[in-house]
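User: I would like to go through the labels attached to a few residues and ask what each label rests on. Please set each value against its definition.

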Amino acid sequence: MGNAGVGKSLALQQFAIDAFHQSDGVGICPVYLSLSKWESNLSFEEFVFTELSAILHEKKSKIKKYLKDENLFIVADGFDEKPDVASS
């Protein structure tokens with residue numbers, strides 16, 4: 001997708017910020033997640049809930065509702081940094 005240091009992560013972060021501003025805070029909320037933080041002892045679901053809880057300061061039940069109602073758009077970065085994910 002591109003060499004290290006060319007700005008892929010920064011571009012994704014800016015995309016999430018721009019998408020949020022364009023939504024005027026109504027409807028789907030983009031949330032940037034860095035997969036480099038994903039520890040191998042957590043399932044992907046556990047990782048997502050842990051990160052979203054920290055970002056949104058919400059309980060797991062509330063985050064499940066946001067996801068079920070499709071109110072969150074996850075902008076995931078770092079697939080290339082997780083060989084076990086990139087190869088699956």
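Analyst: Leaving aside neighbours within four places in sequence, Y66 is in contact with L56, E58, N71 and L72, where contact means heavy atoms within 4.5 Å. This is a predicted model, in which local features need pLDDT of at least 70 and side-chain atom pairs count only at pLDDT 80 or more, while totals for chains, interfaces and linings use all residues. Residues are numbered from 1 along each chain as its sequence is written, and side-chain values use heavy atoms, with hydrogens and water left out.

User: Why is Y66 called partly exposed?

Analyst: Y66 has a relative accessibility of 23%, and since buried means under 20% relative accessible area, exposed over 50% and partly exposed in between (1.4 Å probe, protein chains only), Y66 counts as partly exposed. Y66 has its place in helix α3, helices (H or I, at least four residues) and strands (E, at least two) being DSSP runs numbered from the N terminus. Y66 and C29 are 37 residues apart in sequence and 9.4 Å apart in space, C-alpha to C-alpha.

User: Why does E51 count as buried?

Analyst: The relative accessible area of E51 is 15%, and therefore E51 is buried. E51 sits in helix α2, which covers residues 44–56, and, with neighbours within four places in sequence left aside, E51 is in contact with L33 and K37.

User: Is S34 buried or exposed, and what makes it so?

Analyst: S34 has 16% relative accessibility, so S34 counts as buried. S34 belongs to strand β1 (residues 29–34) and touches F47 and D77, not counting residues up to four places away in sequence.

User: What makes the pairing of the S34 and S36 side chains a polar contact?

Analyst: The distance between the side chains of S34 and S36 is given as 2.8 Å, and a polar contact is a pair of N or O atoms within 3.5 Å, where, within protein, one must be able to donate a hydrogen and the other to accept it, and residues adjacent in sequence count only if both atoms are side-chain atoms. The side chain of S34 therefore makes a polar contact with that of S36.

User: How do you know whether H57 and E70 are buried or exposed?

Analyst: H57 has a relative accessible area of 68%, and so H57 is exposed; E70, at 59% relative accessibility, therefore counts as exposed. H57 lies in the loop between α2 and α3 (60–68), and its phi is near 55°, a positive value in a residue other than glycine. E70 is found in the loop between α3 and β2 (72–77) and has a positive phi of about 60° although it is not a glycine.
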